[in-house]
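Keep the structure open while you read.

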Amino acid sequence: MNKQWTLLLLLFCLTAVALASQGVVLAQAQPALTSVYRAGPLPLTEPLAPLWQEIRGISVPLTPQAGVLPALLQGSVPAVTVKSVNDGQWIAFHLTWDDATQDVSATKPDSFRDAAAIQLPVSEVLPSICMGAAGQLVNLWHWKADWQRDVDEGFRDVVDAYPNFWADFYPFVAGKPPYRMPADFQSPEARAYSVGWAAGNPLSNPTKVSPVEDLNALGFGTATSQEGQDILGRGVWNQGKWTVVFARPLVNGDAQDAQISPNKSTSLAFAVWNGSNREVGARKQVSTWTTLRVEAPRGGGAPGAGPAGAPPAASQPGGLESAYVVVAILLAVVLTALLTLFVARGWRSS
Amino acid sequence: MPKVFNWQLNREMDYPYEGARAQRQFGAVFDINKCIACQTCTIGCKNAWTSGRGQEYMWYNNVESKPYGFYPLGWDVKLLEALGPQSWQGNTYAGKTIFEAAPAGSVALGFLPEDEDWAHPNLGEDEIAGKFEVGERIMIPHMAWVFYLQRICNHCSYPACLASCPRKAIYKRPEDGIVLVDQSRCRGYRECMKNCPYKKVLYNAVTRVAEKCIACYPLIEQGRQTYCILTCIGRIRMAGWIHPPDKVEPDSPVDFLVHVRKVALPLYPQFGLEPNVYYIPPLHVPVSFTRQMFGPGVDNAIAAYRKAADDPELLGALLLMGATDRWIARFKVRNGQAIGYDEKGAEIVRVPLKEPVYIRPDWDPARQVFRHNIT
């Protein structure tokens, strides 16, 4: 009898553990991100706006990119917390991650910037997570910490990076030493000596407007800056944490851009770079695809005219699915217990 | 990983791409024995290509003193140490190349120099390897020595910078084998800087992308030599087409010096890139040092170079170095003269193997003065 009970108990425990572990897996599977509807205007470039405190986010796990060379062997950012709001016209994403070091310079040969990116599908078919593939276009929104500083404080020149810097002459330079970039290097002749800038490389442009670059890609190594740059954004580092917002109209008619619709769920993915860990390019941490649901305005109201401060009750995308998982586990445990009792009784009667 | 044949190692080796040689390959010969480290080449190059904002510490061309000079600091010794033993069996390299020694997650073995490492381009200038005791006489090879190493991009047949760029923003021109960074596609990842063993891809602090020696391709396209060659007052340099051993053109002066007389050798061939700047090793430096730097051909190169006075063809090729601003496609030695020809076979330069000597009387009757210089 004792033996039988032990066996049954074991069976019960195993079943429970199996179900529970499945539950854990389910719980870990990427929860969907809901872009909560809020009446505009939204704080599109204010990562610390109070609104964001009201929005529940999801934690998106990140893993070091190891699919192609060069790879990131040791990651430094395990997850990014993502929130989203929309007002029927604009959509904004809010990313937060832990980073003990604020790396806002890519000026020295051994300094690398912090950065974050959102990947959205442009093609109808869900593209390869690996920055798309041939025929599977993706749209990338790439925020860079050094661009942020350039936008906030002016272009970080060599005189800023090296306090004792002095140079008395440059070809075709205007002004006086120690000179400023770009102000004293505006003529086409002077600009020709900043080859990347003259060649139209957005990385080399000292007159940045947004800290976010709008790109397309068709696979690893193909990221290409777009003609039309229309992503707003801002990043703030505070007490070991980056908080970055990205914003764009839901629909903008640009065939190179992802068009986002309240009536249609789409997917998005995230990447984060930690400059002081020399993370750059393919050396990054990435997420898998995450489902994005965009809430439509309440009560059929006109886009952007919904009630301000709508309750965040429905804005718990992760919570809803977690509840399902808990219920499923409880049900399974109860069923197993019943089955166990039934079997035990059968054994006893025999 | 595909296999390619590296003739400098006399064996196949791993390389991330299939071997595809350029139709023609830019090559150059630098005669270390003639260099006085005046840095005229360095300044000529800088005036031409790196005088812009953000390029202050970028030197596409530099001349460093060996053994203690480096630009950037420790560029070669750091990698030599990381690579481990680099043994040769005869003319075949038995060690690992930087591609074969690639650590997990990387295309090749390398390191990214730190900011400070670029800040002292002429560190170690003229510092000799040891000291002389009182009363010692200098012998050849010198007991304590120094020599100058002239460095530009090697425009390698198997460039590590090109192999390392995840964006394929670095390319090798099929028409002349010159390796270039596409300035519109580079995103400043610096994988190329990490993996170029010669550290000849440099970071522009203002444009935040990588730049490198372009072998003065606008000049080469016009049949001219590069600025560092044009400005060399010691006439130690010459550029020309270099071919692999099975396609040698013996009347190409660079092919002749590298493949026929074998007096010019690649720099650190063991790294596995098949670099295309070839050096005539210094005679006064112990071969234990120069073998590590230029491979197992050093002894032969020195022996051949020592016999140059009795070898009219070799002497002719050497005398054509720096003798013209034009690109010498072919050369001949006839009647005591070395003659250089362009691609179309037109003569562009003629140099006597032995400089004619004119002796004049010390008294100049026309000007009623004594001449001080009478040769």
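A residue is called buried if 20 or more other C-beta atoms lie within 10 Å of its own. This is a predicted model, and by that test buried residues make up 50% of the 375 residues in chain B.

Q: Why is Q186(A) called partly exposed?
A: Count its neighbours: Q186(A) has 15 C-beta neighbours inside 10 Å. Buried takes 20 or more, and exposed takes 12 or fewer. The count of 15 falls in between, so Q186(A) is partly exposed.

Q: Where does Q186(A) lie?
A: Look in the loop between α4 (158-161) and α5 (188-191) of chain A. Its C-alpha atom is separated by 39 Å from that of C130(A), a residue 56 positions away along the chain.

Q: Which residues of helix α8 in chain B are buried?
A: In this helix (residues 287-294), T290(B), M293(B) and F294(B) are buried.

Q: How do you know that the buried residues of α8(B) line one face of the helix?
A: Look down the axis: the buried residues fall within an arc of 75°, so they line one face. They pack against β13 (265-266), β14 (277-280) and α9 (298-306) of chain B.

How values were computed. Residues numbered from 1 in each chain as written. Chains lettered and ligands numbered in written order. Predicted model: local features only at pLDDT ≥ 70, side-chain atom pairs only at ≥ 80, totals over all residues. Helix = DSSP H or I, 4+ residues; strand = E, 2+ residues; numbered from the N terminus. Arc of directions from axis to C-beta. Contact = placed C-beta atoms within 7 Å.
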